[in-house]
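Here's a quick briefing to read alongside the model. Have the sequence and the 3D view open, and click along as you go.

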Amino acid sequence: MGRAKHDLRGPNNRTLLEVVLAAARDTAKRVIVSGPPEVLPDLDHVADRHPDAGPLEGIASVIDSGRDEQYLFLPCDMPRLLPSLLHRLVDALATSEAAVFEQGKCSVRPVLPLALRNSTAATIQRVMEQGTRSIHGLLKTVDPAVLPLLESENGCLFNINTPEEWDEYLGSSA
């Protein structure tokens, strides 16, 4: 993208991070930021033990913090997340250690948003010790509940990774 995605300003002059943060606040009791303290400095932060180790390290750091029994991990680049969608993911933790969405015809299942119980900490550690740094690798070991998207949720997992996707989002939000 050429710059930090979380700082991109879209409709209503809100950053991607502000949009996702609003969905998180409408869903969760508490919001914890995984990453540098200068991003959303007024919120609780958990620093990655090894900042260059990838997203699984950030997840492991948050779970190892012991701040809660279950966690909902959200990316900063999915501006169409809805609280109702996220609540379904969290509700799936009643019967599973992990929950993720299936996205229709995609060849690769999206890994975020992701709901995890703190009981997955040992599995995450084991997976990382085996050299796996990807969330996909973790999901192969925890047997997550895989939730289909409802028709009303199509497009909610739209992820912005390129300038073209950003332009597409801006065009669809006008």
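In what sense do β4 and β5 pair, and over how many bridges? They run antiparallel, paired over three bridges. Before you go further, this is a predicted model, where local features need pLDDT of at least 70, side-chain atom pairs count only at pLDDT 80 or more, and totals for chains, interfaces and linings use all residues. Residues are numbered from 1 along each chain as its sequence is written, and side-chain values use heavy atoms, with hydrogens and water left out.

**Strands and how they pair**

- Helices (H or I, at least four residues) and strands (E, at least two) are DSSP runs, numbered from the N terminus.
- Two strands pair if DSSP finds at least two bridges between them.
- β4 and β6 run parallel and are joined by four bridges, with A99 partnered by A145 in β6.
- Strand β6 (residues 145-148) is two-faced: A145 and L147 sit on the covered face, while V146 and P148 are on the uncovered one.

**The nonpolar cores**

- A nonpolar core is a set of buried Ala, Val, Leu, Ile, Met, Phe, Trp, Tyr and Cys residues joined through side-chain atoms within 4.5 Å.
- Buried means under 20% relative accessible area, exposed over 50%, and partly exposed in between (1.4 Å probe, protein chains only).
- The largest nonpolar core has 21 residues, and the ones touching the most other members are I59, F73, L114, L116 and I124.
- At least two residues of this core come from each of α2 (55-64), β3 (70-73), β4 (98-102), β5 (114-117), α4 (121-129) and α5 (135-142).
- Helix α2 gives the most to this core, with five residues.
- A second, separate core of 17 residues has A92, L93, A115 and L147 among its members.
- Looking at L114 and skipping neighbours within four places in sequence, you'll find it in contact (heavy atoms within 4.5 Å) with I59, Y71, L72, F73, L89, A99, V100, I135 and L139.

- Eight of the 10 residues of α2 are buried, so the helix is largely enclosed by the rest of the structure.
- Those buried residues are L56, E57, G58, I59, A60, S61, V62 and I63.
- They pack against β1, β2 (44-46), β3, β5, α4 and α5.
- Just after α2 comes G66, with a positive phi of about 70°.

**The largest pocket**

- A pocket, worked out on a 1 Å grid over the protein atoms alone, is an open set of points where a 1.4 Å probe fits, with protein on both sides within 12 Å along at least five of seven lines; lining residues have an atom within 4 Å of a point.
- The largest pocket holds about 1400 Å³ of space, where grid points are joined across faces, edges and corners and the volume is the space filled by probe spheres set on the points.
- Its lining has 39 residues, with I32, S34, L72, F73 and L74 nearest the centre.
- Two or more lining residues come from each of α1 (16-27), β1 (32-34), α2, β3 and α3.
- Helix α1 gives the most to this lining, with five residues.

**Cysteines**

- With a disulfide taken as a pair of cysteine sulfur atoms within 2.5 Å, the count is zero.
- The closest cysteine sulfur to that of C76 is in C156, 17 Å away and too far for a bond.
- C76 is partly exposed at 25% relative accessible area, whereas C156 is buried at 6%.

- L112 and P113 are joined by a cis peptide bond, with omega about 0°, and P113 is in the loop between β4 and β5.
- N12, in the segment before α1, has a positive phi near 60° without being a glycine, and is exposed at 72% relative accessible area.
- L40, in the loop between β1 and β2, is another non-glycine with a positive phi, about 55°, and counts as partly exposed at 23%.
- S96 lies in the loop between α3 (83-91) and β4 and is buried, with a relative accessible area of 16%.
- Not counting residues up to four places away in sequence, S96 touches R117 and A145.
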